[in-house]
Amino acid sequence: MDEGFGGRRGFEEKERSVLWGDAGSLGAEDVPGDVGVSRDVVSVRECGFCEESESFMRRGRLLRWKEGFPRRGAPCGEEAPGGHSWPARFTPARPLPPDARNTREFWGDIAKEFYWKTPCPGPFLKYNFDVTKGKIFIEWMKGATTNICYNVLDRIVHEKKLGDKIAFYWEGNEPEETTQITYHELLVQVCQFSNVLRKQGIRKGDRVAIYMPMIPKLVVAMLACARLGALHSIVFAGFSAESLCERILDASCSLLITADAFYRGEKLVKLKELADEALEKCREKGFPVRCCIVVKHLRRTELGTGDSLSQSPPIKRPCPDVQISWNEGVDFWWHELIHEAGDECEPEWCDAEDPLFILYTSGSTGKPKASGVVHTVGGYMLYVATTFKYVFDFHAEDVFWCTADIGWITGHSYVTYGPMANGATSVLFEGIPTYPDVSRMWSIVDKYKVTKFYTAPTAIRLLMKFGDKPVTKHSRASLQVLGTVGEPINPEAWLWYHQVVGAQRCPIVDTFWQTETGGHMLTPLPGATPMKPGSATFPFFGVAPAILNESGEELEGEAEGYLVFKQPWPGIMRTVYGNHERFETTYFKKFPGYYVTGDGCRRDQDGYYWITGRIDDMLNVSGHLLSTAEVESALVEHKAIAEAAVVSHPHPVKGECLYCFVTLCDGYTFSSTLTEELKKQIREKIGPIATPDYIQNAPGLPKTRSGKIMRRVLRKIAQNDHDLGDISTVADPSVISQLFSHRCLTVQ
């Protein structure tokens with residue numbers, strides 16, 4: 001086995017130093033006076049709730065930790081909740097500002113933990129963030145070769161000797177449907193399916209679409225693609241046939257992997273039927289997909305006893321007679337192909353900068369709006385492995401549960417690649433939080449003794465409304481760290497999560513990041529960062545955020561404006577698939593020299609970052625970004641609609657929901673029937689997550705004299721807020737009073 005990067009020295013020697021400052025590498029002059037870094041070497045696992053740091057802020061009001069944390073003046077070094085220990089002479093504060101030398105050293109040391117077939121022959125990092133100086137590019141370890149599947153499976157099984165360790169506990173839609181799979185079993189299945197894909201002609205650089213429920217074979221499918229150097233493009237199984245079709249077309253996927261059907265709660269999703277519809281649309285558009293591999297999931301009892309338990313967990317819920325249409329020569333059963341495949345498969349060695357996968361940003365469903373984010377092998381591997389390890393304070397005995405679907409970036413990074421790169425045991429959940437009852441999640445926590453739990457604020461708000469009892473009737477004693485992802489969390493939900501779910505003893509890591517960033521960007525570190533509910537807190541190591549005003553000037557101290565990043569991190573996207581110009585325009589053109597997140601942000605007097613929401617025309621619905629333009633396009637495709645405008649509206653569970661204004665064509669009348677037709681059309685065109693909560697009849701829309709719709713005014717109308725500000729540019733002010741009189745009765 002090649003050593004690569006100068007040897008296989010364990011990263012454990014270094015983990016105590018770089019993140020918070022190393023006394024051996026920093027002189028006194030290097031440590032800013034306001035940064036509380038001790039002269040001792042400090043690690044993430046030596047958490048810092050001692051003396052001044054035992055409190056957190058809520059909306060500027062100091063609240064004391066009540067139970068489970070050291071009392072003021074408690075001697076440093078005493079045992080803290082969740083196995084953390086308080087270090088000597090350490091007061092946590094903001095981390096040291098990253099510089100190029102520290103950043104390269106930090107990631108260079110981490111790279112030594114992984115297997116590289118050949119080392120990096122040239123510069124460890126090269127990049128250009130300034131469109132005025134040429135093409136935007138980012139290269140981490142270009143020329144080094146590796147394989148991410150090898151690193152998350154073969155390395156874990158053979159080098160780390162963890163073959164018998166459980167990789168995933170699978171929890172089906174029904175509580176009785178459970179199974180588990182070890183790292184060795186997973187390696188065998190991935191090798192078998194890699195051989196299946198090779199036999200079907202899949203080679204390095206090919207694109208494979210995956211449209212599957214949350215089952216172990218979804219992990220097998222994506223890792224098999226990675227083993228061959230093929231790009232996987234996973235489409236969330238809640239998306240429509242048209243959305244699947246457009247993603248297949250944009251990436252020119254030559255093969256589709258799907259399943260017969262599955263249940264999500266009480267709802268039956270006929271996945272093969274949707275896949276067939278999508279492939280028919282592809283054929284109509286001149287792009288026939290030559291192969292569709294189908295998992296027999298809902299009807300798996302038909303397979304008999306020949307399939308091992310890990311491959312075919314028992315089904316408890318009687319299923320109806322789901323008719324599976326079959327296209328001879330195109331459709332193949334997974335279980336039939338796998339029986340003919342060998343269980344050894346040499347991985348394809350890839351350049352660190354070779355593409356690993358394509359993932360379409362939510363709400364972008366095809367040309368000309370398609371935005372297929374491309375992540376690469378080496379940098380993404382390092383970033384998700386490291387952020388997982390430190391942000392969740394990972395220990396070998398942990399059981400980790402990220403509730404996200406693998407169809408989203410959170411599932412890619414923190415269900416599959418990040419945990420597996422660390423040899424972690426995770427929970428893979430097919431169901432929903434409220435089925436068969438509202439205590440399902442806490443039942444699962446107790447069943448598998450989950451220690452680290454990562455979910456969305458939407459789920460927290462949903463479960464809050466059922467009260468404390470469904471939570472407190474379960475022990476949850478195993479929980480050590482809680483996390484949130486997908487959208488900013490409101491302080492009320494944060495406090496309920498901390499006080500009720502975490503019983504006031506679990507640190508909460510409220511993480512900010514994006515599909516485009518690959519992994520966590522702004523986050524607390526558990527136990528090491530005093531908490532402010534709703535704040536994304538501080539940057540991860542090597543991440544250099546800034547807040548800019550409209551003129552592109554960096555703002556110091558307390559400030560509010562555009563959130564940008566000044567230098568690359570290993571997990572940053574490299575391009576938009578097939579459209580690098582779009583990549584440059586979307587993320588780098590507005591402020592040359594910076595990666596532009598598209599989010600607004602406020603930095604408070606303590607240096608904490610607060611995400612204020614999307615600055616562009618995107619909505620964050622239940623943690624999923626949706627394009628208002630795309631929803632408007634779907635609405636106006638209806639023959640009755642002449643014009644549409646979509647804005648966000650606060651929602652007690654989703655965070656934001658869609659409020660739509662529609663102007664009718666002559667000869668049509670607004671009715672409940674039309675409203676249902678419009679909702680159905682959006683579900684078919686985009687998917688259920690984009691279904692509007694409110695659709696209002698709008699005889700006219702507030703526009704400037706140049707014809708631009710004033711969405712700022714529409715947002716005010718949707719919320720019944722008559723403080724409209726300056727409306728002198730509205731061409732016809734009488735439209736506004738009409739819209740107020742027609743507005744929907746809303747709930748906030």
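# Notebook: a walk through a predicted model

I began at one side chain: a polar atom of Thr-691 lies 2.8 Å from the backbone oxygen of Pro-688. I keep in mind that this is a predicted model.

**Entry 1, Thr-691.** I looked up where Thr-691 sits. The residue lies in the loop between helix H16 (672-685) and strand E32 (694-697). Is Thr-691 buried or exposed? I found a relative accessible area of 16%. Buried means under 20%, so Thr-691 counts as buried. Next I listed its neighbours, leaving out residues up to four places away in sequence. Thr-691 touches Lys-679, Ile-682 and Arg-683.

I stepped back for an overview. The chain has 18 helices and 32 strands. Of its 748 residues, 63% are buried. I then checked contacts between residues at least 6 apart in sequence. Among these, 74% join residues at least 24 apart. The accessible surface comes to about 27600 Å². Carbon and sulfur atoms account for 49% of that surface.

**Entry 3, the sheet with E32.** Which strands share its sheet? The sheet is open and has three strands, in the order E30-E31-E32. Its pairing is mixed. Strand E30 (641-651) and E32 are the edge strands, and each pairs on one side only. From one strand to the next, the twist averages 25°.

I looked at how E31 meets E32. The two strands run parallel and are joined by four bridges. I also noted that Phe-661 stands opposite Gln-696 in E32.

Then I asked which helices pack here. Helix H17 (residues 711-718) packs on the sheet and touches E30 and E31. The direction of H17 makes about 60° with that of E30. Helix H15 (residues 628-636) lies across E30 and E31. H15 runs at about 140° to E30.

How many residues of helix H11 (residues 457-464) are buried? I found six of the eight, so the helix is largely enclosed by the rest of the structure. The buried residues are Pro-457, Thr-458, Ala-459, Ile-460, Arg-461 and Leu-463. I noted that Arg-461 is on this list.

I picked a lysine next. Lys-112 lies in the loop between helix H1 (100-111) and strand E3 (125-128). Its relative accessibility is 18%. With the limit for buried at under 20%, Lys-112 therefore counts as buried. I looked for a partner to its side chain. The side chains of Lys-112 and Asp-109 are joined by a polar contact of 3.1 Å.

**Entry 6, aromatic rings.** I finished with the rings. The structure holds 40 aromatic pairs. I took one of them, Phe-236 with Phe-239. The centres are 5.9 Å apart, with 85° between the planes. That pair is edge-to-face. Both Phe-236 and Phe-239 are buried.

Which rings form a linked cluster? Ring pairs join Tyr-127, Phe-129, Phe-565, Trp-569, Phe-583, Tyr-587, Phe-588 and Tyr-595.

Note on methods
Residues are numbered from 1 along each chain as its sequence is written. This is a predicted model: local features need pLDDT of at least 70, side-chain atom pairs count only at pLDDT 80 or more; totals for chains, interfaces and linings use all residues. Side-chain values use heavy atoms; hydrogens and water are left out. Buried means under 20% relative accessible area, exposed over 50%, partly exposed in between (1.4 Å probe, protein chains only). A polar contact is a pair of N or O atoms within 3.5 Å; within protein, one must be able to donate a hydrogen and the other to accept it, and residues adjacent in sequence count only if both atoms are side-chain atoms. Contact means heavy atoms within 4.5 Å. Accessible areas come from the Shrake-Rupley method with a 1.4 Å probe; for residues, only the protein chains shown count as cover. Two strands pair if DSSP finds at least two bridges between them. Axes are lines fitted to C-alpha atoms, for helices over the stretch in contact, and angles run from 0 to 180 degrees between N-to-C directions. Rings of Phe, Tyr and Trp (its six-membered ring) pair if their centres lie within 6.5 Å; planes under 30 degrees apart count as stacked, over 60 as edge-to-face and the rest as tilted.
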